[in-house]
Amino acid sequence: MMDFTLTAEQLMLKETVANFAAKEIRPIAEEIDRTDAWPDGMWKKLGGLGVLGATIDTAYGGVGLDLLSGALVGEELAKVSPSISISYGAHANLCSNNIKLNGHEEQKRKYLPLLCSGDHVGALGLTEPNAGSDAVSIQTTARKDGDHFVVNGSKTFITNGVIADTIVLYAKTDRQAGAKGITAFILEKSFPGFSVSRKLDKVGNRGSETGELVMEDCIIPEENVLGQVNGGIAVMMRGLDIERAFLSTYALGMAQGAFAEALKYSRERVQFGKPIASFQLIQAKLADMWTLIEASRLLCYKACVLADAAEKGGKGTDLHKVTAAAVLFVGEMADKVCTEAIQIHGGYGYCMEYPVQRFWRDAKVATIGAGTSEMRRLILARELLMS
Ligand SMILES: Cc1cc2nc3c(=O)[nH]c(=O)nc-3n(C[C@H](O)[C@H](O)[C@H](O)COP(=O)(O)OP(=O)(O)OC[C@H]3O[C@@H](n4cnc5c(N)ncnc54)[C@H](O)[C@@H]3O)c2cc1C
């Protein structure tokens, strides 16, 4: 039987996060964007609310909910501030979920409670200046030396990179072995040889501190290998479906934020003696935007449920196809809905004083970050042709 309803627990979580976002984030959302600064105390507030550990087991300081619950948090945050949501996703999913899925007991006990409480900020470092879509061509190296690895290289576009305490980092441990020569590590910002070289000045998602990281003879103890040496691709692949499912709800949330602004404005703006909402061409836009959002919701939530089931041992689903389709469709949907929201605002949409432009700028990354639309189509086509 198909059931399209959220559980009572998920509904309560949604409401809790929506209330938090209305009280703690909405009043400062424009300021976060204008100053391009992460708000003081926000990590501890999110930790206090319990959402940073939504998907982490209670034994490690989390709440032990399913993946869809974690993604619903991202959706609610993105309705108000995509910047806060993207940083939440990098922390709670790219860092914490990867440690949860691949870490050994000691690593989980050491890092997850700090990440769940917001005492530590998490990030994931894969992309490099010369290795984006072609992630396997990363040039950062990690050489074994006694009981530690010596890491050299740089990472760019790292969400939370400027302020992160704990970073899941990928490096080449065997340069000749291609994809089979990559290892994942847990890097702490206090490790010798690590530094942040600069913060990126982005068009959107301002306030989400995106940075460039440098490792110069950086020492990472061998107990901080995440998964197996030369097994980095397994770590990457294990997190990939979850990452796509998570990221698609971020795009879903921001589209709803822009839609709400457009709906409100269409009722308020009067032209030709009537609210513009009374014109059928504007009504058609609103109807199409809402339909795209609802279609996206089905794909997003299905991706989350399938990814969760697969983690719990479920088999026989179209998991890779559905998660690839979700992140592709919903990313492009957010871009389109936010553009239409600007159109409904006319010239005022193009001015900084209306919040809709912030969603429009933030939306672009939904077709670029964590794999571009082009790469998502290639991956999906490969899955289709293999099946
Ligand atoms: C705001 C933001 C946050 C990010 N956060 C993180 C993070 O936390 N951690 C992290 O590791 N990375 C992060 N990234 C990096 C992101 O994953 C990369 O930007 C993305 O994978 C694309 O890589 P690139 O920017 O180098 O583009 P490129 O790979 O250089 O691509 C440039 C263009 O070429 C196209 N292209 C490339 N190869 C092909 C091909 N084979 N066929 C057709 N077209 C192709 C692309 O689709 C794109 O249009 C973030 C990026 C942004 C913008």
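## Strand pairing around E4

Two strands pair if DSSP finds at least two bridges between them. This model is predicted. In it, E4 and strand E5 (residues 182-188) form an antiparallel pair with seven bridges. Within that pair, Lys172 sits opposite Ile182 in E5.

E4 also pairs with E1. That pairing is parallel and has four bridges. Here Leu124 stands opposite Val168 in E4.

## Burial of E4

How many residues of strand E4 (residues 166-172) are buried? Seven of its seven residues are, and the strand is mostly covered.

In a regular strand, side chains alternate between the two faces of the sheet. Both faces of E4 are covered. One side carries Thr166, Val168, Tyr170 and Lys172, all buried. The other carries Ile167, Leu169 and Ala171, also buried.

## The ligand shell

The ligand is surrounded by 24 residues. Leu126, Gly132, Ser133, Thr372 and Glu374 are the closest.

By residue class, the shell holds 12 nonpolar, 10 polar and two charged residues.

## Position between domains

Where does the ligand lie relative to domain 2 (124-230) and domain 3 (233-386)? It lies between them, because both domains give residues to the shell around it.

Key: Residues are numbered from 1 along each chain as its sequence is written. This is a predicted model: local features need pLDDT of at least 70, side-chain atom pairs count only at pLDDT 80 or more; totals for chains, interfaces and linings use all residues. A residue is near a molecule or strand if its C-beta atom, placed from the backbone, lies within 6 Å of it. Ala, Val, Leu, Ile, Met, Phe, Trp, Tyr, Cys and Pro count as nonpolar, Asp, Glu, Lys and Arg as charged, and the others, Gly among them, as polar. Domain bounds come from an automatic or database domain assignment. A residue is buried if 20 or more other C-beta atoms lie within 10 Å of its own, exposed if 12 or fewer, and partly exposed in between; C-beta atoms are placed from the backbone. Helices (H or I, at least four residues) and strands (E, at least two) are DSSP runs, numbered from the N terminus.
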